[in-house]
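Please open the structure in your viewer and keep the sequence panel beside it. The stops below say what to select next and what is to be found there.

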Amino acid sequence: MNKHVKNLAPEATDLSRRSFLVGTAATGLVLGYAASGIDQALAAPAPANFEPSVWYAIAPDGLVTVTCGKADMGQHVASTMAQIVAEELGASWKDMRVQLASNDPKYNDPVLGAQITGGSWSTMMNFDAMSRAGAAGRIALTEAAAASMGVPAGELVVRDSRISHAKSKKSMSFAEVVKSGKATKTFTADDLKAIKLKTADQYTMIGVSVPQLDIPLKVNGTAKYGIDTMLPGMVYGALVTPPVRYGATVKSVDDSAAKKLPGFIKAVTLDDKTTTTTGWVVAVANTYAQAKKAAEALKISYDGGPNAKLSSESLLTEAKRLQGLSDSGQFFVKDGDPDAAFGSAAKVLEAEYTTNINIHAPMEPMNATAEFKGDILHIYSGNQFATRSGAIAAGAAGIDPKFVVMHQTWLGGGFGRRLDADMMVPAVQAAKATGKPVKVIYTRENDMTMDFSRPLTYQKVKAGMDGDGKVVALSHDVVSAWPTARWGIPDFLSPSVDKKGPLDAFTVNGADFFYTVPNHYVRAIKNEMAHNATPSGQLRSVAPGWTFWAIESMVDEIAHATGKDPALLRVELLDGKGKNDGGAQRLRNTLLAAMGLAGYGTKKLPKGEGMGVACVSSQERATASWTACVAHVAVAPSGEVTVKKLTVATDVGTQVNPDGIRAQVEGAALWGMSLALFEKATLKDGGIEQTNFDSYTPLRMSQLPEVAVNVIANGEKATGVGEPAVTVVAPAIGNAVFNAVGARVRGLPITAEAVKAAMKA
Amino acid sequence: MPNLNINGRNMSVEAANDTPLLWVIREQLQMTGTKFGCGAGLCGACTVHLNGEAVRSCQTSLADAVGKKITTIEGLSAKGDHPLQKAWVAEQVPQCGYCQSGQIMQAAALLSKNTNPTKEEVVAHMDGNLCRCMTYSRIQKAIMRAASDMRTASATGSERRAT
């Protein structure tokens, strides 16, 4: 037993060590490792298969199965990985299949050294590895075919899963080569590095909108999500979560009424040493409907804890207080001397920008199924961060993380929510307490009130202009909960430029923009009160969702204060000088493309309508996709905003699947609009007030504007598209509202009341 | 033990009368294509047909479903080839896909009565179905494509009969 854990490194990481090496592929975390069961289905191919790389196997029938180590939450990343492999391998698309990896460290991201999906990083960081894996397979198959045919390998051509020799008219299919058993060549890391990859002009698969491999399963009900897990003998857990988001403790549980209900097994009060949850109880029963009834019948008394009186207002007040202190926070950017420059500026503008709490609310509520089998803890849950979630599951079970196997499924939406691992805790502890496999399903109310939300943010931006209206200084304070600091993984934090210790760059990313401003500082200030009361998470696009709201609104305000066109001011600031060389020009070009496509400055608009622009990079400077938006809105005298059209242009360098990119960019832009206009959560008495889709209200079909997506592929390396278009839309809409009726709204979401109030002002 | 007629088959189930049909379908019958989204009839992920009408199975009790013909995504077509399912693939609608069973079932109820809906009719009929990936424009396109395919098929069918 446990032969599968033999090869674990002795320093196998656990939660207490919390070591995490980003950017070092060779030393990826060794956490829970694939064991029996799924591995035969998911990971270990039958012996007759040809497995030129950990990333795929070719079966004797010629089918190529790519194992995707990234979470597929609707961005079709598994299909994208298969497409990159297929390009270099020379396989026909109809022969490609995908499967989802377990948490075996061999499937760790080649750049990140862990299994984590986010940041619009996947395509950019896996393009090279998948290309080389595909090419290695082609080389091995070609050499085997050459030996079989008795011709020189160099004269063979590979196309559509077939290897052909023109002169002799001989050819072999991939299936025939694999069946011959002669494809045995292996590649070292150096061999892989030495392979000469195709150039873009040789691509036949990259840049083609092949059908996504997961879509057929998603139209006939057969795609399996975590919530669809069925295990023999499995029972169900329903949660009772406390009225306070974080910090409550259970004083007593009276299960006398629950005990009288059919199917009830046990109420389990969580003892969560990972501190992911506080004050949770799981009612376990034979069916979920019975578990829910039992949960409702439990009488639980709580100590509300230190956050029980807090509200959104208190978090905002605290944020303002912290911002006002000169020694708050740490510097993320410090260029030149803004204070001196403000002193000599001809004009200074100052503004505060806020965003409210936002909830992920993926359509598949959080859930996890846990089963102890021998020494191994099996977890079934669609998850974006198998490496850390496995460690949380282990922490909840009190076992070493190397004994946890994470079974990946399709994710019914991720958006960053499934980077967190809270759902592991009730499933694991209920399974442990009952000795049965347990599936815990959150109600929508649990899901919304216990979200690791986008934090409430408060930003103060100050800009100084010289006598010619040129921006010479900009200071930017960002106050928020720190989502990534909560993970306890030092390598996900960044050093501060003032050497005051690490900061959470996932709260300020984007503020290090590509505009040229000689004197510029950005300060990251942790709102400890918000951090404790509303443990925050990564919500699609993360910090740029609020930093660009502030910056792109302020640039507009500067333009109006200096009598310039807001779009042309951006062009002026994107001069590509110094550290901004390259990126600034790409962003400028993207903005100009969006302006042209939208008819910016050329279309005559009726009264009450307006256009606004914004342009963004995201997430990090090093992983930017250049994105610009022109929003066209109509504003009613009541202040109600109708978005007539969003024109989005995005420079992604190289397109793998153009149709997939358009789908992602459109979805991201509509997320941006939904956050800009329709989504708002609030904290009251320590709890999130919104509990379901009647009070938390993402965009519906009737609110859909026209969305024009334009993708620029200029041959630079492929970048990500899941997120950047989220961040560009809110400031574009805000700026359009100003353009339409002269109302400047500085808080998200933009409500009719706020617009009306600003119109009067 | 109540009997359910589901996707053309009679199946006996064991659950209390007030159990939401959703959980009976998912757990007892192990048909997991019908999804749980909100438990309150606010999102449409659990949509099935009762006697051809689209209903939220999280708001329908087992007792209310007895004696009626229930259709789930698994039973919408014999081979997953309902015009809507084909259109959903052609337009590459799903992203995460979780809401799409409900979207397709909701749309199917519309097209079974009206194969020539206006855009406004589509929006009015579909507005209760949330898609967090925001695939709405593709959903609209796919419904229009399926409607057009159904009209063509029925026109071709009548021509055949005529000749």
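Which strands of chain A does α3(A) lie across, and at about what angle does α3(A) run to β1(A)? Select these elements together, and you will find that α3(A) lies across β1 and β2 of chain A, running at about 130° to β1(A). Helices (H or I, at least four residues) and strands (E, at least two) are DSSP runs, numbered from the N terminus, while axes are lines fitted to C-alpha atoms, for helices over the stretch in contact, with angles running from 0 to 180 degrees between N-to-C directions.

Before moving on, bear in mind that this is a predicted model, in which local features need pLDDT of at least 70 and side-chain atom pairs count only at pLDDT 80 or more, whereas totals for chains, interfaces and linings use all residues. Residues are numbered from 1 along each chain as its sequence is written, and chains are lettered from A and ligands numbered from 1 in the order in which they are written.

**The sheet under the helix**

Now select the strands β1 to β4 of chain A, which form an open sheet of 4 strands in the order β1-β2-β3-β4, with mixed pairing; two strands pair if DSSP finds at least two bridges between them. Its edge strands, each pairing on one side only, are β1 (50–53) and β4 (96–100) of chain A, and neighbouring strands are turned by 25° against each other on average, direction ignored. Within this sheet, β2 (residues 56–58) and β3 (residues 64–68) of chain A pair in the antiparallel sense over 3 bridges, and Ala57(A) has Thr65(A) in β3(A) as its bridge partner. Contact here means that the C-beta atoms of two residues, placed from the backbone, lie within 7 Å.

**From domain to domain**

Next, colour chain A by domain: domain 1 (3–217), domain 2 (226–306 + 366–441) and domain 3 (313–357 + 453–760), with bounds that come from an automatic or database domain assignment. The centres of domain 1 and domain 3 of chain A, taken over C-alpha atoms, are separated by 38 Å, and their contact takes 23 residues from domain 1 and 25 residues from domain 3. On the domain 1 side, α2 (77–89) and α3 (122–149) of chain A each supply at least two residues, and α3(A) gives the most, with 4 residues.

Select β14 (residues 347–355) and β19 (residues 457–465) of chain A, which pair in the antiparallel sense over 9 bridges, with Val348(A) standing opposite Gly464(A) in β19(A). β14(A) also pairs with β30 (residues 747–748) of chain A, here in the parallel sense over 2 bridges, and the partner of Thr354(A) in β30(A) is Gly747(A).

**Two crossing helices**

Turn to α14 (residues 544–561) and α15 (residues 566–573) of chain A, whose axes come within 9 Å and cross at roughly 105°. That makes α14(A) roughly perpendicular to α15(A), a term used for angles of 65 to 115 degrees. Show side chains for Val555(A), Asp556(A), Ile558(A) and Ala559(A) in α14(A), which meet Pro566(A), Leu569(A) and Arg570(A) in α15(A).

**Where the chains meet**

Finally, display both chains, whose contact takes 47 residues from chain A and 41 residues from chain B. Of the chain A side, the largest share, 6 residues, comes from α17(A).

Definitions and conventions:
Parallel < 35°, antiparallel > 145°, perpendicular 65-115°, else oblique.
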